[in-house]
10 protein chains.
Amino acid sequence: MSLATLDVNQHPYLPASAETLFKAKASKKLSFEEIANHIGRNEVATAAIFYGQAKASPEDIQKLSSLLEIPHELLDEQLSGFPDRGRTVQMPPKEPLIYRLYEIVQNYGYAYKAILNEKFGDGIMSAISFSTKVEKETDKDGNNWAVITLRGKWLPFSRF
Amino acid sequence: MSLATLDVNQHPYLPASAETLFKAKASKKLSFEEIANHIGRNEVATAAIFYGQAKASPEDIQKLSSLLEIPHELLDEQLSGFPDRGRTVQMPPKEPLIYRLYEIVQNYGYAYKAILNEKFGDGIMSAISFSTKVEKETDKDGNNWAVITLRGKWLPFSRF
Amino acid sequence: MSLATLDVNQHPYLPASAETLFKAKASKKLSFEEIANHIGRNEVATAAIFYGQAKASPEDIQKLSSLLEIPHELLDEQLSGFPDRGRTVQMPPKEPLIYRLYEIVQNYGYAYKAILNEKFGDGIMSAISFSTKVEKETDKDGNNWAVITLRGKWLPFSRF
Amino acid sequence: MSLATLDVNQHPYLPASAETLFKAKASKKLSFEEIANHIGRNEVATAAIFYGQAKASPEDIQKLSSLLEIPHELLDEQLSGFPDRGRTVQMPPKEPLIYRLYEIVQNYGYAYKAILNEKFGDGIMSAISFSTKVEKETDKDGNNWAVITLRGKWLPFSRF
Amino acid sequence: MSLATLDVNQHPYLPASAETLFKAKASKKLSFEEIANHIGRNEVATAAIFYGQAKASPEDIQKLSSLLEIPHELLDEQLSGFPDRGRTVQMPPKEPLIYRLYEIVQNYGYAYKAILNEKFGDGIMSAISFSTKVEKETDKDGNNWAVITLRGKWLPFSRF
Amino acid sequence: MSLATLDVNQHPYLPASAETLFKAKASKKLSFEEIANHIGRNEVATAAIFYGQAKASPEDIQKLSSLLEIPHELLDEQLSGFPDRGRTVQMPPKEPLIYRLYEIVQNYGYAYKAILNEKFGDGIMSAISFSTKVEKETDKDGNNWAVITLRGKWLPFSRF
Amino acid sequence: MSLATLDVNQHPYLPASAETLFKAKASKKLSFEEIANHIGRNEVATAAIFYGQAKASPEDIQKLSSLLEIPHELLDEQLSGFPDRGRTVQMPPKEPLIYRLYEIVQNYGYAYKAILNEKFGDGIMSAISFSTKVEKETDKDGNNWAVITLRGKWLPFSRF
Amino acid sequence: MSLATLDVNQHPYLPASAETLFKAKASKKLSFEEIANHIGRNEVATAAIFYGQAKASPEDIQKLSSLLEIPHELLDEQLSGFPDRGRTVQMPPKEPLIYRLYEIVQNYGYAYKAILNEKFGDGIMSAISFSTKVEKETDKDGNNWAVITLRGKWLPFSRF
Amino acid sequence: MSLATLDVNQHPYLPASAETLFKAKASKKLSFEEIANHIGRNEVATAAIFYGQAKASPEDIQKLSSLLEIPHELLDEQLSGFPDRGRTVQMPPKEPLIYRLYEIVQNYGYAYKAILNEKFGDGIMSAISFSTKVEKETDKDGNNWAVITLRGKWLPFSRF
Amino acid sequence: MSLATLDVNQHPYLPASAETLFKAKASKKLSFEEIANHIGRNEVATAAIFYGQAKASPEDIQKLSSLLEIPHELLDEQLSGFPDRGRTVQMPPKEPLIYRLYEIVQNYGYAYKAILNEKFGDGIMSAISFSTKVEKETDKDGNNWAVITLRGKWLPFSRF
């Protein structure tokens with residue numbers, strides 16, 4: 001199995017922590033599943049920490065530091081601030097895998113809005129009070145299916 | 001409960017069928033859930049037909065025509081071609097609800113890619129061999145949560 | 001005093017309700033302050049209803065209909081759906097008054113983020129669980145000052 | 001409590017002073033509140049100085065230099081010019097917290113314009129003769145609310 | 001001498017007043033100089049009123065109505081609101097004459113900033129507390145020169 | 001008085017001469033007014049040379065070299081080519097001071113065109129056979145006003 | 001031989017004169033060469049008048065009116081103003097023929113600049129004091145070659 | 001006479017050969033005319049080789065190497081591949097000289113298309129089977145005119 | 001089998017002929033294969049004529065007119081000019097099927113260039129001296145494969 | 001024959017492997033045809049590996065390493081992750097050869113869609129379950145033709 005790696009040439013705007021973490025991951029030959037299990041977080045959240053898109057708690061930093069053998073002080077310094085999110089993907093995404101997700105929003109955006117509005121009223125599904133997960137299913141013909149679940153708190157627009 | 005409606009002023013590039021269908025829906029005061037139940041399709045797919053983003057089968061047209069009391073010939077003519085998808089949403093989306101979905105792709109795009117690649121190898125989750133659904137959950141504190149599931153076939157890149 | 005009006009030539013993507021409401025407002029020579037007082041909502045929210053950017057409740061529709069002498073059925077039909085927000089302003093805004101607000105975000109965006117993160121932790125100020133108001137102050141030299149208050153619920157990023 | 005930090009990888013167009021100041025802040029483990037109190041300026045203005053978006057007076061430079069133990073000559077050289085504002089945020093903002101502010105302008109821009117025009121006449125709220133502040137409120141249910149106040153001088157369009 | 005006219009095909013987002021005024025101007029065969037003299041305003045301001053970029057006072061409306069023989073009620077209704085500025089020119093401008101002005105900003109923008117900052121300190125030249133005029137000079141070789149003067153109040157950034 | 005400086009982090013596409021000149025200017029603590037007087041050119045033109053937006057003659061290079069104590073050979077090499085204009089400002093400008101100039105073009109562009117066409121016929125005001133200057137006025141209330149004059153040769157479109 | 005025609009569906013921002021002229025041209029089955037010969041102007045200039053990109057003189061209008069049998073008053077009214085140039089082509093051009101011209105600028109732009117600067121000094125080739133023509137050559141192998149000549153006055157940058 | 005030079009700060013995406021060639025040109029104080037004469041190619045083509053926009057033949061490399069005293073092996077390595085064209089100019093061009101060429105395409109694009117179509121039929125003028133040259137003319141009043149000739153093979157669209 | 005249709009709401013910039021042709025095609029219930037066979041042209045070229053992207057010869061017009069029962073005079077008038085290509089697709093394409101073709105260019109563009117350059121030298125594959133076809137293959141597992149062939153003349157860059 | 005090379009100045013966002021591979025290719029003077037034959041893959045796929053647009057299998061890496069004399073460990077480390085596709089070409093492409101492919105999509109996109117939909121139904125041609133090849137043909141007149149074949153699996157939209 002191949003592991004996800006990071007080539008900083010291709011991601012010039014990621015935080016310094018991304019390079020530190022991905023280098024150690026490659027060196028330890030660990031998958032995100034293994035790392036996620038170790039720190040007790042979801043795989044997507046774990047990868048998001050690596051890309052600087054989610055905040056690591058002090059305990060996360062502790063565990064990442066020990067699992068990946070990164071000096072704690074270095075990792076703590078690089079991860080102690082607040083994520084500056086949104087800089088990994090250029091929009092529209094050029095990466096085919098990510099583009100497919102974008103295309104789902106583009107094609108079904110108003111259908112989701114209509115259904116959500118009728119089910120919940122005037123508001124939005126939060127992307128902050130939010131979690132997501134990725135699962136793998138294999139059907140009886142041996143085809144693999146990726147299942148992504150998005151779960152967000154419903155926020156009604158305030159009346160004022 | 002309010003129902004989703006369409007104001008064609010705001011959606012000048014939708015097909016003629018969109019206006020026909022939404023007008024009849026408003027007149028019949030039907031929700032997408034009711035319509036979806038009637039035609040035996042998922043709610044999101046049903047709304048996507050209304051927005052011209054999914055193809056209606058001859059049976060769908062038959063059922064929509066009878067439920068919404070739209071002359072069959074008119075609906076058949078307006079829905080018989082192939083959807084010209086992607087014109088409902090301007091990207092980046094300005095609509096707050098749709099923007100949140102876009103933001104999820106923007107923030108977690110590379111995290112999804114890393115996890116999917118490690119789980120499935122080099123490939124993409126199809127947005128064509130694909131289905132999606134929306135569910136509503138209420139937690140013990142009475143908060144509502146929207147749960148969107150995306151399920152797509154995994155397509156490995158061909159080796160050539 | 002001049003009143004805010006709407007020239008639909010300049011706003012082709014507004015919902016039909018916008019033209020209905022602004023025409024009646026011009027004909028009745030009412031200010032947003034007067035209308036807001038009548039329906040018991042904030043002035044900004046009231047204007048947002050006129051521009052199709054906020055949802056009117058059935059009571060709002062009732063009161064607007066009677067104050068502005070718009071047939072209730074017409075207004076109800078035009079306002080009964082869910083707002084399709086975000087289409088009034090082209091971004092970056094070309095309108096000088098609106099551009100100044102945009103410029104504040106552009107210049108102080110990261111300063112706000114730093115201060116909010118240090119005060120509240122990792123999260124965002126909601127623009128949905130949100131209210132805003134506009135006030136006028138006159139200083140001792142007779143200069144007028146506009147004061148805009150933005151008040152949004154703090155949403156911490158979920159840990160998952 | 002975590003402190004706001006700066007990763008220059010992610011902000012390649014900030015002035016050299018930004019790196020100098022943020023490094024010293026991290027090293028001294030000072031919050032913007034503490035620094036603002038020390039130099040006698042508002043927190044947002046203080047953070048804006050750090051991001052190169054506001055001008056520091058000679059006294060500010062003096063105080064920052066002594067509090068943060070940065071050689072005065074270095075800081076003076078880096079801060080003595082005039083800020084070249086507007087380069088921190090890419091618009092539309094990808095950062096979720098900053099996007100929410102942008103969305104407020106996008107959704108309520110014309111509502112603000114209508115209310116301000118009716119209250120003040122034809123003109124703009126200055127973003128230059130301007131101050132802003134951030135406050136934290138906690139409601140009786142324990143929810144936190146961020147309150148941002150924008151206060152700008154009203155400038156009527158000259159008649160000529 | 002030719003007169004400036006308006007072809008609404010080419011300016012679909014101008015307010016209705018623009019068509020009214022330009023039609024009457026063409027019919028009366030009046031130059032902006034003549035109209036400006038009649039209403040006692042600067043030529044540029046007068047043309048700006050025609051394009052919906054400046055506000056006409058009740059007296060201006062009165063005088064325009066009588067000079068151009070436009071029913072006062074019609075003109076008053078079309079001009080009574082607040083200008084929605086900035087929609088005449090697409091940026092970057094494609095019109096060669098307007099592009100030259102844009103190019104001046106592009107080429108000399110930072111030079112102006114440096115000179116203005118050194119002369120006035122940290123601030124901006126207002127485009128609101130602002131007037132402008134156009135003059136024609138002919139040099140001794142018979143060449144014509146256009147002279148545009150921009151005069152704006154200096155606004156220092158507030159210290160807060 | 002503060003002096004205009006250059007932070008090359010913020011201006012990565014300026015020619016090498018810009019860094020050379022601004023460093024020497026900062027070191028010599030000279031204003032553009034002083035430098036302009038020394039080389040006998042307008043202040044705006046002088047600043048434009050510093051930003052690589054205007055050509056320095058051999059005499060200019062000589063005088064700049066001696067005033068700023070920059071080795072003549074170095075300066076000559078860096079300034080001997082032809083300016084590659086237009087790279088200092090990103091359009092639309094994010095810098096508030098420069099944005100105001102841009103906004104003037106955006107708001108008054110067609111008004112200028114109408115007035116210039118009626119005064120001069122079909123053509124443009126040259127931005128090449130062109131000079132500009134900045135002046136400071138103080139009114140009787142002590143307010144400062146910036147006056148920018150643009151003077152360009154009128155070029156009629158050729159008939160062919 | 002086919003003649004160039006205009007489908008206004010595809011050119012919604014052209015002036016009304018464009019439709020008038022092209023309709024008459026199609027009806028009279030005249031080529032631009034024939035029309036140009038009749039009015040004594042270059043073919044490109046003639047076509048530019050049809051597209052609203054060049055000004056017709058009173059004599060041009062007279063001749064066009066009589067050749068194309070368009071009522072003189074109508075044509076005079078539609079052509080009497082000043083061209084609002086630049087709206088025919090969207091940039092980058094999607095039309096393959098026009099794209100090739102754009103590509104020439106893109107590929108050889110700096111080469112032209114270098115050669116022109118070395119031949120003429122610091123300045124530009126005017127696109128206003130300018131004429132152009134199109135010629136057809138056939139080589140000995142029977143291949144056709146299009147030859148476009150651009151001839152513009154050299155304008156040196158003013159020293160100020 | 002000044003010579004065209006290259007400041008790599010301003011052209012970060014040019015190939016390495018561009019820096020090599022321009023440095024040697026500056027050092028040898030050679031104009032493009034002199035270099036073009038030496039290698040027996042057109043001046044524009046020669047400058048295009050310098051900017052990485054045209055391919056040098058082995059003989060061109062030999063001659064450039066000897067004229068400019070660049071080690072043959074180095075130049076051969078840097079020029080032996082295939083040009084990656086189109087990266088020198090950002091479109092729309094900000095450089096005034098190059099913008100004028102762009103403006104000609106923008107203003108006369110459809111006029112050229114109409115004339116070329118009527119003269120040659122349905123097709124394009126090739127920008128590949130193409131040559132161009134720059135000439136200088138001085139009229140009897142002493143004015144200089146730049147004449148650019150574009151000559152491209154006519155390619156009819158294939159019928160299939 | 002469904003037939004491709006055209007909804008002009010979704011394609012506002014197509015020529016008038018597109019609506020004429022598609023309406024007749026729908027009314028006659030003809031596939032492009034049938035129409036292509038009738039006029040003796042490739043299916044893609046036939047569809048391109050319908051979308052205004054390819055030129056119909058007089059014989060094509062004759063045959064289309066008789067097959068589709070469109071008055072010859074009308075069709076001749078609508079198709080007699082030269083196609084104004086490139087306006088059907090907005091780029092990047094939002095339509096999923098067309099996006100996949102775009103993505104192939106995006107992902108394999110430089111690989112194609114490298115292979116073509118090594119096989120043919122410095123030049124391009126013409127998109128004008130060009131034909132294309134679509135074929136359907138079914139593999140032994142019953143999967144369908146689309147095969148698109150692009151065949152263009154190789155044009156070497158002229159040496160000049 | 002010239003070989004395709006890579007100048008990393010022009011491709012700053014390629015992965016590190018691209019520089020490694022292209023350098024070795026240049027040093028070994030190998031064409032993509034020779035390399036493709038050696039590793040048993042298609043030429044386009046081989047070049048795509050070099051540009052970081054296709055995944056190399058462990059065997060590919062082994063063979064590339066031995067053919068190109070690149071230390072296996074280095075190449076394995078640089079190629080072991082998953083390609084981050086889409087970063088080589090800026091869209092719209094400025095490179096003339098790649099632009100022609102883009103233009104084919106732009107001009108024939110809807111024609112392809114119509115033909116594919118009528119032949120296969122509602123769906124897309126996959127760009128993932130996909131292969132492509134480049135061939136050279138020479139016609140009887142000695143003209144060279146490039147033939148590019150795109151072969152993708154047909155994916156029908158799921159019904160849900």
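Modeller: A residue is called buried under 20% relative accessible area, exposed over 50%, and partly exposed in between. By that scale E:Arg159, with a relative accessible area of 49%, is partly exposed, whereas D:Asp60, at 1%, is buried. In this predicted model, the side chains of these two residues, E:Arg159 and D:Asp60, meet in a salt bridge with an N to O distance of 2.7 Å. The pair crosses between chains, since E:Arg159 belongs to the segment after β2 (144–156) of chain E, while D:Asp60 sits in helix α4 (residues 58–68) of chain D.

A salt bridge also links A:Asp60 with C:Arg159, whose closest N and O atoms are 2.7 Å apart. It runs from helix α4 (residues 58–68) of chain A, which holds A:Asp60, to the segment after β2 (144–156) of chain C, which holds C:Arg159. A:Asp60 is buried, with a relative accessible area of 1%, and C:Arg159 is partly exposed, with a relative accessible area of 47%. Salt bridges that share partners join A:Arg41, A:Asp60 and C:Arg159 into one network.

A further pair is C:Glu95 with D:Lys113, where the closest N and O atoms are 3.3 Å apart.

Technical notes:
Residues numbered from 1 in each chain as written. Chains lettered and ligands numbered in written order. Predicted model: local features only at pLDDT ≥ 70, side-chain atom pairs only at ≥ 80, totals over all residues. Heavy atoms only, no water. Salt bridge = Lys/Arg side-chain N within 4 Å of Asp/Glu carboxyl O. Helix = DSSP H or I, 4+ residues; strand = E, 2+ residues; numbered from the N terminus. Buried < 20%, exposed > 50% of the residue type's maximum accessible area, 1.4 Å probe, protein only.
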